[in-house]
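Please look at the sequence and the model before reading on.

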Amino acid sequence: MLHPLIADPSATRHILKKFKLRAVKGLGQNFLIDADIVRGIVEVADICAGDAVLEIGPGIGTLTQGLLEAGAHVTAVEVDKKLPAVLKETLAGYENFRLIEGDILKINLSELMPKPFKVAANLPYYITTQILLTLLEKDLPATKIVTMVQREVAERMTAAPGSKIYGALSVAVQFRSEPRLAFDVPPESFLPSPEITSSVVVCDVHKPPFDIDEDFFFKVVRTAFAQRRKTLLNSLASFGREKLLASGIDVKRRAETLSLEEFAALATALQK
Ligand code: SAM
(Lines give C-alpha, C1' and ligand atoms only; values in the text may rest on other atoms or scores of the structure.)
Protein backbone atom coordinates (compact mmCIF):
# COMPACT_ATOMS: atom_id res chain seq x y z
CA MET A 1 0.00 0.00 0.00
CA LEU A 2 1.38 3.40 -0.95
CA HIS A 3 0.93 5.97 1.81
CA PRO A 4 0.71 9.70 1.12
CA LEU A 5 3.59 11.58 2.75
CA ILE A 6 2.59 13.44 5.94
CA ALA A 7 5.83 15.45 6.25
CA ASP A 8 4.73 18.18 3.92
CA PRO A 9 3.19 21.62 4.61
CA SER A 10 0.06 21.20 2.51
CA ALA A 11 -0.58 17.61 3.64
CA THR A 12 -0.27 18.71 7.28
CA ARG A 13 -2.61 21.70 6.78
CA HIS A 14 -5.08 19.42 5.05
CA ILE A 15 -5.05 16.89 7.93
CA LEU A 16 -5.43 19.61 10.57
CA LYS A 17 -8.32 21.17 8.67
CA LYS A 18 -10.04 17.88 8.03
CA PHE A 19 -10.01 16.98 11.72
CA LYS A 20 -10.72 20.57 12.83
CA LEU A 21 -7.48 20.63 14.84
CA ARG A 22 -5.25 23.43 16.00
CA ALA A 23 -1.79 22.89 17.39
CA VAL A 24 -2.16 23.03 21.18
CA LYS A 25 0.59 25.26 22.56
CA GLY A 26 0.20 23.90 26.08
CA LEU A 27 1.06 20.41 24.79
CA GLY A 28 4.15 21.66 22.94
CA GLN A 29 2.64 20.87 19.55
CA ASN A 30 4.84 21.95 16.66
CA PHE A 31 4.31 19.50 13.84
CA LEU A 32 7.19 18.60 11.52
CA ILE A 33 6.52 19.48 7.87
CA ASP A 34 9.96 18.76 6.46
CA ALA A 35 10.62 15.34 4.93
CA ASP A 36 14.40 15.90 4.97
CA ILE A 37 14.33 16.30 8.75
CA VAL A 38 12.27 13.12 9.17
CA ARG A 39 14.78 11.28 6.97
CA GLY A 40 17.65 12.80 8.98
CA ILE A 41 16.22 11.57 12.29
CA VAL A 42 15.61 8.06 10.92
CA GLU A 43 19.18 8.03 9.63
CA VAL A 44 20.93 9.18 12.81
CA ALA A 45 18.76 6.80 14.85
CA ASP A 46 20.25 4.09 12.64
CA ILE A 47 16.83 2.47 12.22
CA CYS A 48 16.91 -1.05 10.77
CA ALA A 49 13.95 -3.24 9.84
CA GLY A 50 12.60 -4.92 12.97
CA ASP A 51 13.98 -2.36 15.46
CA ALA A 52 11.70 -1.68 18.41
CA VAL A 53 11.23 2.07 18.67
CA LEU A 54 9.48 4.17 21.29
CA GLU A 55 8.14 7.48 20.01
CA ILE A 56 6.90 10.12 22.41
CA GLY A 57 4.16 12.33 21.04
CA PRO A 58 3.48 11.06 17.49
CA GLY A 59 1.21 14.04 16.78
CA ILE A 60 -0.42 13.39 13.41
CA GLY A 61 2.12 10.68 12.58
CA THR A 62 4.80 12.60 10.66
CA LEU A 63 7.98 11.16 12.18
CA THR A 64 6.16 7.91 12.92
CA GLN A 65 5.61 7.39 9.20
CA GLY A 66 9.35 7.76 8.51
CA LEU A 67 10.15 5.21 11.22
CA LEU A 68 7.51 2.78 9.97
CA GLU A 69 8.69 3.09 6.37
CA ALA A 70 12.17 2.13 7.59
CA GLY A 71 10.66 -1.07 9.01
CA ALA A 72 10.69 -0.19 12.70
CA HIS A 73 8.10 -1.56 15.13
CA VAL A 74 6.87 1.66 16.66
CA THR A 75 5.17 2.07 20.02
CA ALA A 76 3.98 5.66 20.28
CA VAL A 77 2.66 7.34 23.41
CA GLU A 78 0.34 10.31 22.83
CA VAL A 79 -1.50 12.33 25.46
CA ASP A 80 -3.78 14.43 23.23
CA LYS A 81 -7.14 12.65 23.14
CA LYS A 82 -7.99 14.13 19.75
CA LEU A 83 -5.05 12.52 17.96
CA PRO A 84 -5.82 8.75 18.02
CA ALA A 85 -8.63 9.27 15.50
CA VAL A 86 -6.24 11.17 13.24
CA LEU A 87 -3.48 8.57 13.53
CA LYS A 88 -5.95 5.82 12.77
CA GLU A 89 -6.40 7.42 9.38
CA THR A 90 -2.94 8.83 8.60
CA LEU A 91 -1.17 5.60 9.57
CA ALA A 92 -3.86 3.18 8.37
CA GLY A 93 -2.38 0.04 6.89
CA TYR A 94 0.92 0.08 8.80
CA GLU A 95 0.91 -3.14 10.77
CA ASN A 96 4.02 -2.38 12.79
CA PHE A 97 2.40 0.50 14.71
CA ARG A 98 1.06 0.46 18.27
CA LEU A 99 -0.50 3.52 19.87
CA ILE A 100 -0.65 3.97 23.63
CA GLU A 101 -2.93 6.75 24.79
CA GLY A 102 -1.59 8.48 27.87
CA ASP A 103 1.02 10.69 29.49
CA ILE A 104 4.60 9.54 28.94
CA LEU A 105 5.52 10.63 32.48
CA LYS A 106 2.81 8.43 34.02
CA ILE A 107 3.31 5.26 32.00
CA ASN A 108 5.34 2.33 33.31
CA LEU A 109 7.99 2.23 30.59
CA SER A 110 9.77 -0.93 31.80
CA GLU A 111 6.48 -2.78 31.39
CA LEU A 112 5.73 -1.17 28.04
CA MET A 113 9.22 -1.70 26.56
CA PRO A 114 10.76 -4.72 28.33
CA LYS A 115 13.24 -5.56 25.52
CA PRO A 116 16.06 -3.40 24.02
CA PHE A 117 14.63 -0.45 22.12
CA LYS A 118 15.52 2.88 20.58
CA VAL A 119 13.80 6.18 21.18
CA ALA A 120 13.02 8.63 18.38
CA ALA A 121 10.99 11.70 19.25
CA ASN A 122 10.30 15.33 18.55
CA LEU A 123 9.79 16.13 22.22
CA PRO A 124 7.15 18.47 23.63
CA TYR A 125 9.29 21.36 24.89
CA TYR A 126 7.47 21.98 28.16
CA ILE A 127 8.58 18.65 29.68
CA THR A 128 11.80 17.88 27.78
CA THR A 129 14.01 17.51 30.84
CA GLN A 130 11.60 15.29 32.76
CA ILE A 131 11.23 13.02 29.72
CA LEU A 132 15.00 12.79 29.20
CA LEU A 133 15.57 11.93 32.86
CA THR A 134 12.82 9.29 32.70
CA LEU A 135 14.34 7.71 29.57
CA LEU A 136 17.77 7.59 31.20
CA GLU A 137 16.55 5.66 34.23
CA LYS A 138 18.69 2.74 35.20
CA ASP A 139 16.30 -0.12 34.58
CA LEU A 140 15.21 0.76 31.06
CA PRO A 141 16.77 -1.24 28.21
CA ALA A 142 16.99 1.79 25.87
CA THR A 143 20.07 1.57 23.62
CA LYS A 144 19.88 4.82 21.65
CA ILE A 145 17.86 7.93 22.42
CA VAL A 146 17.37 10.35 19.54
CA THR A 147 15.43 13.45 20.45
CA MET A 148 14.62 16.80 18.94
CA VAL A 149 14.94 19.44 21.63
CA GLN A 150 15.49 23.18 21.86
CA ARG A 151 19.03 24.03 20.78
CA GLU A 152 19.76 25.43 24.22
CA VAL A 153 18.82 22.09 25.84
CA ALA A 154 20.96 20.22 23.29
CA GLU A 155 23.90 22.40 24.32
CA ARG A 156 23.30 21.65 28.00
CA MET A 157 23.06 17.90 27.31
CA THR A 158 26.44 17.89 25.55
CA ALA A 159 28.24 20.57 27.62
CA ALA A 160 31.69 19.82 29.03
CA PRO A 161 32.81 20.63 32.59
CA GLY A 162 34.01 24.20 32.93
CA SER A 163 31.37 25.61 30.60
CA LYS A 164 28.71 27.96 31.96
CA ILE A 165 25.88 25.72 30.78
CA TYR A 166 27.28 22.49 32.25
CA GLY A 167 24.80 21.41 34.91
CA ALA A 168 22.80 18.59 36.48
CA LEU A 169 21.25 17.69 33.09
CA SER A 170 24.70 17.39 31.47
CA VAL A 171 25.86 15.07 34.25
CA ALA A 172 22.68 12.95 34.11
CA VAL A 173 22.86 12.55 30.32
CA GLN A 174 26.61 11.90 30.22
CA PHE A 175 26.51 9.48 33.17
CA ARG A 176 24.37 7.08 31.21
CA SER A 177 25.13 7.90 27.58
CA GLU A 178 27.44 9.47 25.07
CA PRO A 179 25.51 12.39 23.60
CA ARG A 180 26.25 14.24 20.38
CA LEU A 181 24.51 17.07 18.62
CA ALA A 182 23.59 15.62 15.22
CA PHE A 183 22.05 18.60 13.39
CA ASP A 184 20.05 21.78 13.85
CA VAL A 185 16.48 22.23 12.66
CA PRO A 186 15.20 25.70 11.68
CA PRO A 187 11.79 27.05 12.77
CA GLU A 188 10.44 26.76 9.19
CA SER A 189 10.51 22.97 9.45
CA PHE A 190 7.49 23.07 11.78
CA LEU A 191 3.89 24.10 11.73
CA PRO A 192 3.40 26.35 13.61
CA SER A 193 6.99 27.66 13.53
CA PRO A 194 8.47 28.02 17.00
CA GLU A 195 10.55 31.09 17.83
CA ILE A 196 13.66 29.05 18.54
CA THR A 197 16.05 26.76 16.69
CA SER A 198 15.81 23.08 17.53
CA SER A 199 18.49 20.41 17.45
CA VAL A 200 18.55 16.66 17.14
CA VAL A 201 20.68 14.96 19.78
CA VAL A 202 21.79 11.33 19.60
CA CYS A 203 22.53 9.65 22.94
CA ASP A 204 24.24 6.28 22.71
CA VAL A 205 23.33 4.66 25.98
CA HIS A 206 26.15 2.97 27.89
CA LYS A 207 26.80 1.53 31.31
CA PRO A 208 27.69 4.21 33.86
CA PRO A 209 31.47 4.73 33.89
CA PHE A 210 31.75 3.76 37.57
CA ASP A 211 30.03 1.73 40.20
CA ILE A 212 28.21 4.01 42.58
CA ASP A 213 25.04 4.46 44.62
CA GLU A 214 23.22 6.39 41.91
CA ASP A 215 20.56 7.92 44.11
CA PHE A 216 23.18 9.39 46.39
CA PHE A 217 25.40 10.46 43.46
CA PHE A 218 22.54 12.44 41.90
CA LYS A 219 21.56 13.91 45.25
CA VAL A 220 25.07 15.34 45.52
CA VAL A 221 25.01 16.56 41.89
CA ARG A 222 21.62 18.25 42.26
CA THR A 223 22.55 19.87 45.56
CA ALA A 224 25.86 21.16 44.19
CA PHE A 225 24.21 22.71 41.11
CA ALA A 226 21.24 24.11 43.04
CA GLN A 227 23.57 26.89 44.15
CA ARG A 228 26.03 26.76 41.31
CA ARG A 229 27.69 30.11 42.10
CA LYS A 230 28.75 28.88 45.53
CA THR A 231 31.89 26.89 46.27
CA LEU A 232 31.46 23.21 47.06
CA LEU A 233 32.29 23.95 50.68
CA ASN A 234 29.15 26.11 50.90
CA SER A 235 26.76 24.35 48.52
CA LEU A 236 27.46 20.90 50.00
CA ALA A 237 27.90 21.95 53.65
CA SER A 238 24.85 19.91 54.70
CA PHE A 239 26.73 16.68 53.83
CA GLY A 240 29.40 17.44 56.46
CA ARG A 241 32.41 19.75 56.35
CA GLU A 242 34.88 17.10 57.56
CA LYS A 243 33.91 14.65 54.85
CA LEU A 244 34.11 17.38 52.22
CA LEU A 245 37.61 18.35 53.29
CA ALA A 246 38.68 14.70 53.27
CA SER A 247 37.31 14.07 49.77
CA GLY A 248 40.48 14.99 47.92
CA ILE A 249 38.57 17.53 45.80
CA ASP A 250 39.40 21.20 46.21
CA VAL A 251 36.32 22.50 48.04
CA LYS A 252 36.90 26.05 46.80
CA ARG A 253 35.85 24.87 43.35
CA ARG A 254 32.32 25.23 41.97
CA ALA A 255 30.08 22.41 40.75
CA GLU A 256 30.37 23.50 37.12
CA THR A 257 34.09 22.64 37.05
CA LEU A 258 33.74 19.02 38.19
CA SER A 259 33.99 16.06 35.82
CA LEU A 260 31.78 13.01 36.27
CA GLU A 261 34.69 11.16 37.87
CA GLU A 262 35.26 13.99 40.35
CA PHE A 263 31.57 14.04 41.27
CA ALA A 264 31.84 10.28 41.84
CA ALA A 265 34.88 10.72 44.11
CA LEU A 266 33.03 13.43 46.02
CA ALA A 267 29.87 11.36 46.42
CA THR A 268 31.87 8.35 47.60
CA ALA A 269 33.61 10.46 50.24
CA LEU A 270 30.40 12.12 51.38
CA GLN A 271 28.56 8.82 51.76
CA LYS A 272 31.16 7.33 54.13
N1 SAM B 1 5.92 13.84 16.46
C2 SAM B 1 5.10 14.92 15.92
C3 SAM B 1 5.89 15.68 14.88
O4 SAM B 1 7.12 15.55 14.89
O5 SAM B 1 5.28 16.37 14.09
C6 SAM B 1 4.61 15.88 17.02
C7 SAM B 1 5.68 16.49 17.88
S8 SAM B 1 5.09 17.76 18.97
C9 SAM B 1 6.59 18.71 19.18
C10 SAM B 1 4.98 16.96 20.57
C11 SAM B 1 3.92 15.89 20.72
O12 SAM B 1 3.95 15.39 22.05
C13 SAM B 1 2.48 16.36 20.48
O14 SAM B 1 1.82 15.43 19.68
C15 SAM B 1 1.87 16.40 21.88
O16 SAM B 1 0.47 16.20 21.91
C17 SAM B 1 2.62 15.24 22.54
N18 SAM B 1 2.68 15.32 24.01
C19 SAM B 1 2.70 16.43 24.80
N20 SAM B 1 2.78 16.09 26.09
C21 SAM B 1 2.81 14.72 26.14
C22 SAM B 1 2.86 13.78 27.21
N23 SAM B 1 2.92 14.17 28.49
N24 SAM B 1 2.86 12.46 26.90
C25 SAM B 1 2.79 12.05 25.60
N26 SAM B 1 2.73 12.90 24.56
C27 SAM B 1 2.75 14.22 24.81
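A polar contact is a pair of N or O atoms within 3.5 Å. The model is predicted.

**The ligand**

| Residue and atom | Ligand atom | Distance |
|---|---|---|
| N122, polar side-chain atom | oxygen | 2.9 Å |
| P58, polar backbone atom | nitrogen | 3.5 Å |

How much of the ligand's accessible area does the protein cover? On its own the ligand has 590 Å² of accessible area, and the protein covers 99% of it. There are 24 residues around the ligand. L32, G57, E78, N122 and Y126 come nearest among these residues.

The domain assignment divides the chain into domain 1, residues 9–205, and domain 2, residues 214–271. Taken over C-alpha atoms, the centres of domain 1 and domain 2 are 33 Å apart. Domain 1 gives 14 residues to the contact, and domain 2 also gives 14 residues.

About 1,100 Å² of area is buried between domain 1 and domain 2, and carbon and sulfur atoms give 65% of that area. Which residues of domain 1 lose the most area to domain 2? They are Y166, V171 and F175, and together they make up 45% of what the domain 1 side buries.

Polar and charged groups also take part in this contact. Between the domains there are five residue pairs in polar contact, counting pairs with both residues at pLDDT 80 or more. On the side of domain 1 that touches domain 2, seven residues are nonpolar, four are polar and three are charged.

One salt bridge is counted between domain 1 and domain 2. E214 and R176 form a salt bridge, and their closest N and O atoms are 2.5 Å apart.

Conventions
Residues numbered from 1 in each chain as written. Predicted model: local features only at pLDDT ≥ 70, side-chain atom pairs only at ≥ 80, totals over all residues. Heavy atoms only, no water. Domains from an automatic or database assignment. Contact = heavy atoms within 4.5 Å. Buried area = accessible area lost by both parts, 1.4 Å probe. Salt bridge = Lys/Arg side-chain N within 4 Å of Asp/Glu carboxyl O. Polar contact = N/O pair within 3.5 Å; in protein donor to acceptor, adjacent residues only side chain to side chain. Nonpolar A, V, L, I, M, F, W, Y, C, P; charged D, E, K, R; others polar. Near = heavy atom within 4 Å. Areas by Shrake-Rupley, 256 points an atom, 1.4 Å probe, with all protein chains shown as cover.
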